[in-house]
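Subject: A structure for you to look at

Hello,

Here is the structure I promised to pass on. Please open it alongside this email, and then read on for the aromatic rings.

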Amino acid sequence: MGKLAKWLRILGFDTFYDPGGSTKKNMDSGGKNRILLTRTERVRDGKMPQECIFITSNNPFEQLRQVIDTLGIIYTDTHPFSRCIRCNTRIQPVDKDCVRGNVPDFIWQTRDSFQICGRCRRIYWPGSHTERSHDIIMRLFDRYDSR
Ligand SMILES: [Zn+2]
């Protein structure tokens, strides 16, 4: 589920992930418009205060596909690479000079645009979490044919 949460963030979805929290607590802290993704069988029979998807697969990619299929998410609903995958905060463009010394030298020399997470200060750049991810997203939404 940690990988699923990471992928939902990569796609730009506001994703709250608390592996140690109880299901009840997660539902309460989620807020009205959140959808609960759970692997806890027990929840299925309980009274659900909000929309809930019971995740069946162990495979993160299949889990992601299940969420997308169930919610009818299409490619244009997503905002890939707009959130920090570590803490879920929206990332912002940052001046190249500001990140010098905080990214590997060869990255600083070869990239012109950088983004930063305002909360945990993690720095992103084209390719930092996009190369392989882009392929997977395209595969997920069957986008290869329409290019
Ligand atoms: Zn962050």
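A residue is called buried under 20% relative accessible area, exposed over 50%, and partly exposed in between, using a 1.4 Å probe and protein chains only. This is a predicted model, where local features need pLDDT of at least 70 and side-chain atom pairs count only at pLDDT 80 or more, while totals for chains, interfaces and linings use all residues. Residues are numbered from 1 along each chain as its sequence is written, and side-chain values use heavy atoms, leaving out hydrogens and water.

Rings of Phe, Tyr and Trp (its six-membered ring) pair if their centres lie within 6.5 Å; planes under 30 degrees apart are stacked, over 60 edge-to-face, and the rest tilted. Searching the whole structure gives 2 aromatic pairs.

In one, Tyr 75 and Phe 141 have ring centres 5.8 Å apart and planes at 70°, so they meet edge-to-face. These two residues are 66 residues apart and link distant parts of the chain. Tyr 75 is partly exposed at 22% relative accessibility, whereas Phe 141 is buried at 13%.

The other pair is Phe 114 and Trp 125: with centres 6.4 Å apart and planes at 65°, it is edge-to-face too. Phe 114 is buried at 2% relative accessibility, and Trp 125 is also buried, at 17%.

Finally, have a look at Trp 108. A charge sits over a ring if NZ of Lys or CZ of Arg is within 6 Å of the ring centre and within 35 degrees of the ring normal. Lys 96 lies over the face of Trp 108, 4.7 Å from the ring centre, and the charged end of Arg 100 sits over that ring at 4.1 Å from its centre.

Best wishes

Key. Helix = DSSP H or I, 4+ residues; strand = E, 2+ residues; numbered from the N terminus.
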